[in-house]
Amino acid sequence: MSDRELLDRIAEQPELFRYFEWPCDFDVTRRDPVEPGLALRSGAALTPVAGCGAGGSYFLADGASLLYASSEGECALLAGSLRTALELMTAVPFWKEYLHLSPSRRARPVAGVLAELDEELSGLPEFDPARGRSAARALGLAPGDRVALLTGLREAIDRTAPGHLLHNAAGDPYTVF
């Protein structure tokens, strides 16, 4: 399934839409960029594909990689493809919590961090793993190895600069999460 088909399927199927809108905070109906004039340092093309509840945006960069830009001037490469980013969201719907961990906590072994986040958020019904598995099946995604996907997120964040670093219209760089 192409990126466009994945996004269309999410938009067209109410259960999928609700899942990705929350808890994943990936709203495919909000495609306005977080601010006008954003550009990648590399000069590669940026295509807005979704928004988040706090006003941030998701972009396909270079027509492949998924990049997240917050409304607070932060950015991070999430994955080398939309498909991998959606696998992350279906396996670890609270992936954004990882972005906000302290650098020392984020540097710890991923399996331990994942277990801690699971425990912290286990009582919240929106993080029911069955919902994520159902969303993955509906999109034809493989059930992802949660540790590998979160490790991939960590590695993608580390690859954000310099090639995927966002700059605003004034040329000021975003901060990497």
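Two residues are taken to be in contact when heavy atoms of each lie within 4.5 Å. By this criterion, Val110, Ala111, Leu114 and Asp118 of helix H6 meet Arg146, Val147, Leu150, Thr151 and Arg154 of helix H8. The structure in which this contact is found is a predicted model. Its average pLDDT is 94, and 100% of the residues score at least 70. Among the elements of the protein, helix H1 has the highest mean pLDDT, at 98, while helix H5 (residues 103–106) has the lowest, at 90.

On the side of H1, the contact is made by Arg9, Ile10, Ala11 and Glu12, and on the side of H2 by Pro14, Leu16, Phe17 and Phe20. The contact of H1 with H2 contains 6 nonpolar and 2 charged residues, with no polar residue.

Aromatic side chains were considered next. A pair of aromatic rings is described by the distance of the centres and the angle of the planes. In one of them, the ring centres of Tyr68 and Trp95 are 6.2 Å apart and the ring planes stand at 90°, so the arrangement is edge-to-face. Tyr68 belongs to strand E4 (residues 65–69) and Trp95 to helix H4 (residues 95–99); the pair therefore ties together parts that are 27 residues apart in sequence. Both Tyr68 and Trp95 are buried.

An edge-to-face arrangement is also formed by Phe94 and Phe127, because their ring planes stand at 90°, with the centres 5.5 Å apart. Phe94 is located in the loop between helix H3 (82–91) and H4, whereas Phe127 is located in the loop between H6 (110–121) and helix H7 (129–138), so this pair ties together parts that are 33 residues apart in sequence. The threshold for a buried residue is a relative accessible area under 20%. Phe94 is therefore buried, with a value of 6%, and Phe127 likewise counts as buried, at 13%. One aromatic cluster is formed by Tyr19, Phe20, Phe26, Tyr58, Tyr68, Trp95 and Phe177. Tyr68 and Trp95, the edge-to-face pair described above, are thus named again among the members of this cluster.

Several features of the backbone were also identified. The peptide bond that joins Ala161 and Pro162 is cis, with omega at about 5°. Pro162 is placed in the loop between H8 and strand E6 (166–167). A positive phi occurs at Asp25, with a value of about 60°, although this residue is not a glycine. Asp25 is situated in the loop between H2 and strand E1 (39–40), and its relative accessibility of 13% means that it counts as buried. Phi is likewise positive, near 60°, at Asp62, which is also a residue other than glycine. Asp62 is situated in the loop between strand E3 and E4. With a relative accessible area of 46%, Asp62 is partly exposed.

Gly63 has its place in the loop between E3 (57–61) and E4. At 51% relative accessibility, Gly63 counts as exposed. The C-alpha atom of Gly63 is separated by 20 Å from that of Ala11, and the two residues are 52 residues apart along the chain. Ala11 is one of the residues through which H1 makes its contact with H2. A further separation was computed for Glu155, which is found in H8. Glu155 and Leu78 are 77 residues apart in sequence, and the distance between their C-alpha atoms is 8.7 Å. Glu155 has a relative accessible area of 44% and is partly exposed.

Key. Residues are numbered from 1 along each chain as its sequence is written. This is a predicted model: local features need pLDDT of at least 70, side-chain atom pairs count only at pLDDT 80 or more; totals for chains, interfaces and linings use all residues. Side-chain values use heavy atoms; hydrogens and water are left out. Rings of Phe, Tyr and Trp (its six-membered ring) pair if their centres lie within 6.5 Å; planes under 30 degrees apart count as stacked, over 60 as edge-to-face and the rest as tilted. Helices (H or I, at least four residues) and strands (E, at least two) are DSSP runs, numbered from the N terminus. Buried means under 20% relative accessible area, exposed over 50%, partly exposed in between (1.4 Å probe, protein chains only). Ala, Val, Leu, Ile, Met, Phe, Trp, Tyr, Cys and Pro count as nonpolar, Asp, Glu, Lys and Arg as charged, and the others, Gly among them, as polar. pLDDT is the predictor's confidence in each residue, from 0 to 100.
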